[in-house]
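Hi,

Here is the structure I promised to hand over. Please have a look at it first, and then read on for my notes.

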Amino acid sequence: MNGRFVSILLLISISPLCRGNEHSEGEQLARIYCSACHTFTEPELLPKRSWNFLLMYMGLRMGIEDYSPIEGGTPEEIEVIKARKTLIVDEGNFPENPMVTDEQWSKIRNYFLETAPEKSLAQPPKPKTKIGLPHFVEKQHRYSYTAAVTTMLKIDETHGQILVGDSRIQKLTVLDRSLQLEAEYKTGGSLWVRSHPSEDGLHVLSIGDLTGSMVNQRRGVLFYSTRIGKNFITRGSALSNLYRPADFKFGDFDGDGVDEVVVCNFGLNTGSVDIHKAKSDKWSFESEPWVRLTNETGAVECHVADYNGDGFADVSAIFGNARENLNLFLNNGDGTFERRVIHEKYPALGYVGFRWVDFDSDGDLDVFTISGDNVDADPYNSLKPYQGIRLYLNNGDLNFEESYFYPMYGAYGLEIEDFDLDGDLDLAAISFNPDFNSDKPEGFVYLQNQGSLNFTAHTFEQRRTDRWLTMDAGDFDGDGDKDIILGGGYIGAGLSIDNKELAIKMSREGRPLLVMENQIR
């Protein structure tokens with residue numbers, strides 16, 4: 001039940017509800033109150049243990065403070081829910097008076113707990129994974145920090161550089177084509193999440209608040225540096241006072257030949273997707289948005305393209321909070337945009353990103369979605385068989401149909417390239433939240449395209465102490481094929497209750513960076 005719980009000003013009256021058995025009344029109550037803030041989540045989508053915890057969290061947003069469901073639980077469980085209470089109070093979302101009676105709340109709880117399965121549902125069938133990556137070899141590098149939190153990873157093909165941003169040590173590191181250390185910049189206070197290198201410089205985005213603990217504080221900043229040879233000289237802030245920004249892209253939306261910037265402010269209680277006009281220097285931007293596409297929270301990623309072929313640059317965005325949805329914002333050419341929701345999903349799906357590509361080579365753009373956020377309000381890393389990689393083919397006129405699904409617990413990143421140079425597109429994906437209790441947690445998979453939406457799955461011999469948070473693909477060595485780089489993220493989220501010892505071991509032994517060089521050429 002992640003996401004903010006908006007104030008309910010006009011609730012459906014409870015009196016007309018069917019007064020049959022308690023179960024049916026509990027379901028109707030749940031659909032009224034839960035659907036006020038997000039798409040309804042069916043009980044079978046989560047196991048009882050997760051619902052038991054999540055309902056405490058939902059209860060807090062309805063003014064009900066009851067920790068009895070985890071009496072005798074671990075200190076970590078109690079710490080998580082108490083931290084949630086503090087967050088909700090700081091947001092101003094803890095009602096002065098309970099929104100439901102004790103009897104109604106009991107019926108809601110009973111409905112979920114009596115209907116939910118004891119364990120997570122089984123993951124759908126998928127290709128058996130082969131150990132060994134065809135035409136990829138691991139390369140040694142000069143990046144060796146422990147307990148890495150690699151929140152930004154970017155291959156700059158033009159300059160033959162790899163940019164690594166670590167939010168724990170708060171440094172920006174540059175590796176050259178030979179994977180040697182080229183430069184390192186101490187950037188105290190900056191938590192890098194995205195970068196955009198250009199011929200003359202580099203824009204880098206700091207989220208400002210990685211965990212969401214500083215409610216509604218505008219700490220996010222887009223910085224700009226000028227390139228001088230192989231080094232960067234900081235010019236300053238290109239745009240500041242942002243609400244936990246998660247992504248940015250450039251596009252010329254007004255046709256004046258100068259790019260504007262689109263910013264996804266994930267926020268927490270306050271968020272938005274905004275377009276800002278460039279100033280005269282063309283690298284910094286006006287603080288007030290030229291266009292606010294939406295004031296919805298939870299935007300995790302955006303892209304810019306002409307999706308409907310009318311000659312104007314449009315925006316697409318995916319939201320991973322409350323009403324998880326994939327959207328197009330179609331440019332009318334006059335400074336206004338029309339929002340079109342491709343689909344809306346339940347919050348347990350956990351959207352983290354998406355990619356556009358003409359996968360079926362029919363001349364229009366198809367879209368892949370990535371769902372795997374699993375450490376929000378459910379602290380157990382409960383296995384979610386519906387998480388993974390989905391392909392929606394564009395059947396014309398921006399009508400999309402789900403055509404392929406690769407189940408992957410906790411999927412967190414996706415790269416789409418013709419890695420084997422056979423003329424079709426292959427997939428590479430990582431998971432930040434795999435099944436840690438498995439003998440072989442699926443942290444990475446390479447899906448080699450065999451045609452007709454059939455793939456063979458490959459991976460390397462994975463270490464239990466590795467946990468991948470970021471990835472990128474690109475030709476860093478300049479030999480004409482696409483390489484893959486993975487960045488480690490060693491935090492306790494999702495591990496602190498059931499796998500505390502593993503989390504400690506990961507922080508000591510987990511690799512900060514894995515470089516897989518493509519040797520097909």
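Below is what I found, grouped by topic.

This is a predicted model, so local features need pLDDT of at least 70 and side-chain atom pairs count only at pLDDT 80 or more, while totals for chains, interfaces and linings use all residues. Residues are numbered from 1 along each chain as its sequence is written, and side-chain values use heavy atoms, with hydrogens and water left out.

Let me begin with the nonpolar cores, meaning sets of buried Ala, Val, Leu, Ile, Met, Phe, Trp, Tyr and Cys residues joined through side-chain atoms within 4.5 Å. Buried stands for under 20% relative accessible area, with exposed over 50% and partly exposed in between (1.4 Å probe, protein chains only). The largest core has 40 residues, and Trp 105, Ile 108, Phe 112 and Trp 356 have the most contacts inside it. At least two residues each come from α1 (22-34), α2 (48-61), α4 (102-115), β17 (324-331) and β19 (351-357); helices (H or I, at least four residues) and strands (E, at least two) are DSSP runs, numbered from the N terminus. The biggest share is that of α1, with five residues. Beyond its neighbours within four places in sequence, Ile 108 is in contact (heavy atoms within 4.5 Å) with Gly 26, Leu 29, Ala 30, Tyr 33 and Met 58. Another core, of 22 residues, lies apart from this one and includes Phe 436, Phe 444, Leu 495 and Met 506.

Next, the cysteines. With a disulfide taken as a pair of cysteine sulfur atoms within 2.5 Å, the count is zero. Cys 302 is in no disulfide either, as the nearest cysteine sulfur, that of Cys 264, is 3.5 Å away. Cys 37 counts as buried at 8% relative accessibility, and Cys 302 does at 0%.

Finally, two aspartates. Asp 366 lies in strand β20 (residues 366-371). A polar atom of the Asp 366 side chain is 2.7 Å from the backbone nitrogen of Asn 394. Asp 366 also touches, among others, Arg 355, Trp 356 and Tyr 392.

Asp 176 sits in the loop between β5 (171-175) and β6 (181-186). Its side chain reaches the backbone nitrogen of Gln 180 at 2.8 Å, and Asp 176 touches Gly 160 and Glu 182, leaving out residues up to four places away in sequence.

Best wishes

Technical notes:
Polar contact = N/O pair within 3.5 Å; in protein donor to acceptor, adjacent residues only side chain to side chain.
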